Amino acid sequence: MAESLLKVIDVYKSFVGVQALKNVTFTIQPGEIHCLAGENGSGKSTLIKIISGVYTPDAGHMELNGTLYKKITPIEAINNGVQVIYQDFSVFPNLTVMENLAVNSELSEHRKFVNWKRMRLIAQEAVKKIDFEVDLDEIVGSLSVAQKQMVAISRSLLFNTKLIIMDEPTTALTKKEVHNLFEIILKLKERGISILFVSHKLNEMYEISENFTILRSGQVVATGSTSQLDRKKFSFFMTGREFTERHFKAESISAEPIFEARNVGIENSFSDVSFTLRQGEIIGVTGLLDSGRTELALSLFGIQQIDSGHFFVHGKPAVIDSPKAAMAHNIGFVPEDRLSEGLFLPQSIADNVVISEIDRLTRRAGLVDKEKRSNEIVKWVKELAIATPNPDNACHTLSGGNQQRVVLAKWLACNLEILVLNGPTVGVDIGSKHDIHGILQSLAKAGLGLIIISDDLPEVLENCSRVLVMKAGKIAADLDTGKTNESAILSYMM
Amino acid sequence: MNEKLKSKLNRISRKNEPYLFLVLVGLCLLIEVRSGQFLTVNNLVDIASALIVPGLFAIGAFMVIISGGIDVSFPALASLSVYTATTILLSIDYQGGVWLAFVIALAVGALLGAFNGLFIGYFRLPALIVTLGSTNVFRGIMQGGLNSKQLATIPPGMREFGTSSLFTARNPISGLTSRMPVAFIVFAVVLILVFLLLRYTMFGRGIYSIGGSEVSAHRAGFNVVRTKIIMYVMVGMIASAAGVIRVSMMQQLHPTNMLGMELRIIAGVVLGGTAITGGKGSLLGCMIGTLLIVIVVNSMILLGIPTSWRSVFTGALIIIGTGVSARQVVSLNSRKKFKFIFSGRRRA
């Protein structure tokens with residue numbers, strides 16, 4: 001067997017008392033696709049930064065191309081062929097594709113002056129490496145996320161690249177774009193380039209990587225061949241917890257629907273969508289990114305207005321033309337991008353919890369009743385197990401899963417009957433995801449009607465009693481989750 | 001080929017220099033039609049002469065805004081360095097040429113620029129806060145420390161520099177004459193040097209890169225801290241040169257004469273299509289924007305509008321000009337979104 005490209009041996013790293021990495025050892029062979037997985041805060045980013053020379057390990061060493069390094073500088077890492085593609089791709093949105101492609105290699109050659117002809121040649125060479133077709137004079141800011149990623153990948157290949165570290169490269173990509181990315185990764189592998197693929201999605205690991213290493217709390221908990229991994233083991237390694245899948249069974253469903261959509265539509269987005277929701281039910285809506293599912297979700301909360309059909313709440317026609325109108329009908333909404341749409345991140349957790357029910361917490365003069373407010377806050381922090389030492393801390397101090405719980409608390413506090421969730425667990429790690437699913441199921445049991453819009457099929461199957469599959473703006477199927485499976489749903493989606 | 005041409009035209013139509021240029025031409029024609037005095041040689045020379053100091057300030061402000069920062073301290077900085085230079089020369093009763101005034105002012109300007117650069121670059125403090133603070137520091141040193149007062153006489157070298165002209169334009173009808181100051185050469189040289197610096201050196205591309213994404217610039221290998229400090233030093237020197245020219249052209253030194261110019265200058269730069277968020281803009285647009293402001297300020301009188309209304313018109317121009325470019329950005333984004341939805345539908 002050929003010599004390893006990279007060996008990380010017994011690496012330790014701590015930051016002001018927090019042990020970020022403990023005794024981490026793993027190896028990558030030339031041309032290997034290796035997946036590095038772990039929950040948020042497990043030490044993945046720290047490990048990447050040690051390999052790329054940004055951090056110096058406290059103890060342990062690395063071997064790159066057979067040379068031993070106690071510590072490595074970023075320049076040495078690059079000279080050894082290590083390239084990192086960060087989640088934000090490190091591009092300059094204001095500059096042209098050409099300049100973005102050429103600038104790194106020009107800097108590494110210590111050029112002082114710019115030769116635009118040479119820049120163009122370098123850029124052409126770069127895009128040719130992965131047959132990436134793009135207008136070199138286009139401004140990078142106007143490219144799609146996938147194209148920006150291609151810019152970053154082709155730029156990294158200009159060096160004598162042996163290892164590319166990709167930090168969660170699929171986060172913002174559509175299914176098709178992920179497929180293209182994987183094809184490129186396989187092409188790079190053929191050329192003998194190793195890939196360290198950082199992800200926390202099991203299905204991606206299966207599809208692309210041969211070997212895996214899973215980190216938990218800074219330690220390697222498992223490493224080996226991906227083929228020997230299954231969903232259960234994966235969840236256990238990631239979280240250290242055993243999960244039993246809890247398939248949702250709707251109990252105590254009300255006889256009359258609490259909500260009904262009859263032939264609703266928005267021009268150019270979706271049309272002729274009808275469904276009913278009963279108390280105690282969770283229904284799933286799934287479909288491809290452009291199937292109209294997002295627009296449907298937004299229209300249920302009045303963010304987008306329907307231009308045909310009608311909504312009914314408790315059998316009576318209801319006009320939902322604004323979030324305020326939706327809230328008046330006791331409809332709540334948890335947006336897809338909870339970070340930018342659902343929370344005031346710099347504000348305290350407490351304020352975020354009570355923001356939607358603030359009208360009910362006032363005394364006669366319109367001032368906030370402090371006692372009522374703090375009672376509400378204590379209640380919800382406890383009920384939803386939000387992990388915080390102090391509810392007055394700013395919301396951005398919480399982990400993704402806990403932030404999601406704050407969003408839930410905010411809506412539950414206003415006595416909802418119907419809750420619409422758009423992608424409730426996007427970007428949330430497994431442990432929190434499991435907890436959120438638990439919360440959703442208990443909400444349904446408590447008598448709410450829930451609508452979950454999600455493209456995470458295992459999530460839909462586990463938590464919903466029925467699933468509506470959308471395709472090209474129409475409902476292609478209305479399935480009982482007890483009698484269907486992933487491939488059946490997929491066949492309706494495509 | 002046709003496709004290529006189309007995408008090229010598309011890109012040009014997205015730039016705002018052409019629109020701005022049309023506005024400029026329109027304004028000139030309007031003033032000409034109303035007054036018949038605009039397109040006379042002496043008026044054009046007057047405008048060129050009035051452009052020198054705001055133009056130099058705008059070049060400096062432009063560099064800072066491109067890097068993602070903002071500088072409101074340059075009038076105070078220029079005042080302090082030119083005051084220092086003038087009082088030193090007066091106290092030694094210096095009889096030589098203007099070059100020494102420039103050398104002293106530029107040295108002081110570099111030092112003061114480094115002060116800004118140190119806090120903004122090295123300590124990573126917000127540029128607006130730092131330069132608001134340094135405005136007061138510079139003014140305080142000048143008024144308190146140096147006990148500044150109006151200087152009715154300036155050293156002979158500066159006086160001579162201020163009155164010497166490249167050529168004199170004479171209006172054959174009215175008989176009015178206007179001089180083109182030698183200082184215009186200084187402005188032109190600085191403009192060309194900064195253009196070359198921004199376009200053909202890695203340092204200049206570094207300024208654009210930092211304005212686009214500081215994190216990316218750092219990862220790509222730019223020395224962000226050094227680039228910023230050197231840039232603020234350069235901006236301090238350019239502003240100080242403008243200060244020497246201003247005093248020389250006025251033939252006397254009012255310590256507070258330049259204070260308060262910063263907003264009009266920054267408005268001109270932004271009007272010229274420079275993104276206030278950094279990274280985007282061209283020196284050409286910046287100059288057209290500044291020229292627009294200069295023309296409005298100087299030519300309202302030709303339209304028969306009382307000078308007291310001048311600031312109203314400047315303000316309106318700023319709101320309309322920057323508003324239009326902001327709208328452009330918004331509509332560009334929404335068009336893209338629409339296209340995305342539309343193409344998605346076709347795919348499905």
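User: What share of the 494 residues of chain A count as buried?
Analyst: Keep in mind that this is a predicted model. A residue counts as buried if 20 or more other C-beta atoms lie within 10 Å of its own. Among the 494 residues of chain A, the share that passes is 43%.

User: And what share of the 348 residues of chain B count as buried?
Analyst: The cut-off is 20 or more other C-beta atoms within 10 Å. For chain B, with its 348 residues, the buried share comes to 44%.

User: How many helices and strands are there in chain A, and how many in chain B?
Analyst: Let's take the chains one by one. Chain A has 17 helices and 20 strands. For chain B the tally is 14 helices and two strands.

User: What radius of gyration does chain A have, next to that of a compact globule?
Analyst: The C-alpha atoms of chain A fill a box of roughly 70 × 50 × 50 Å along the principal axes. A compact globule with 494 residues would have a radius of gyration near 23 Å. Chain A agrees with that, and its own value is 25 Å.

User: In chain B, what part of the contacts with a separation of 6 or more comes from residues 24 or more positions apart?
Analyst: For chain A, residues 24 or more positions apart account for 69% of the contacts with a separation of 6 or more. For chain B, the corresponding value is 75%.

User: What length does helix 6 of chain A reach from its first C-alpha to its last?
Analyst: Helix 6 covers residues 175-190 of chain A, so 16 residues in all, and a helix is expected to span 1.5 Å times one less than its number of residues. That gives an expected 22 Å, and the helix comes close to it by reaching 23 Å.

User: Which residues of helix 6 of chain A are buried, and why are they on the same side?
Analyst: The buried ones are Leu181(A), Ile185(A) and Leu188(A). They cover an arc of only 60° around the axis, which puts them on the same side of helix 6. On the other side, exposed residues include Lys175(A), His179(A) and Glu183(A). So the buried side, within that 60° arc, is the one with Leu181(A), Ile185(A) and Leu188(A).

User: What covers the buried residues of helix 6 of chain A?
Analyst: Both helices and strands of chain A take part. The cover includes strand 3 (33-38), helix 5 (145-156), strand 7 (163-167), strand 8 (194-198) and helix 7 (202-208).

User: Which helix of chain B gives the largest share of the side that touches chain A?
Analyst: The contact takes 24 residues from chain B and 21 residues from chain A. On the chain B side, helix 1 (2-14), helix 9 (202-212), helix 10 (214-220) and helix 14 (310-347) each supply at least two residues. The largest share, six residues, comes from helix 9.

User: How do the residues of the side of chain B that touches chain A divide into nonpolar, polar and charged?
Analyst: Just sort them by residue type. That side of chain B divides into eight nonpolar, 10 polar and six charged.

User: Why does Leu56(B) count as buried, and which residues is it in contact with?
Analyst: Leu56(B) lies in helix 3 (residues 41-66) of chain B. It counts as buried because it has 28 C-beta neighbours inside 10 Å. Leaving aside neighbours within four places in sequence, Leu56(B) contacts Phe187(B), Val190(B), Ile238(B), Ala241(B) and Ala242(B).

User: Are Phe89(A) and His110(A) buried or exposed?
Analyst: Most residues other than glycine have a negative phi, but phi is positive for Phe89(A), at about 65°, and for His110(A), near 55°. Phe89(A) sits in the loop between strand 6 (82-85) and helix 3 (97-108) of chain A, while His110(A) is in the loop between helix 3 and helix 4 (116-129). With 23 C-beta neighbours inside 10 Å, Phe89(A) counts as buried. His110(A) has 8 C-beta neighbours inside 10 Å, so His110(A) counts as exposed.

Notes:
Residues numbered from 1 in each chain as written. Chains lettered and ligands numbered in written order. Predicted model: local features only at pLDDT ≥ 70, side-chain atom pairs only at ≥ 80, totals over all residues. Helix = DSSP H or I, 4+ residues; strand = E, 2+ residues; numbered from the N terminus. Rg over C-alpha atoms; globule rule 2.2 N^0.38 Å. Buried ≥ 20, exposed ≤ 12 C-beta atoms within 10 Å, placed from the backbone. Contact = placed C-beta atoms within 7 Å. Arc of directions from axis to C-beta. Nonpolar A, V, L, I, M, F, W, Y, C, P; charged D, E, K, R; others polar.
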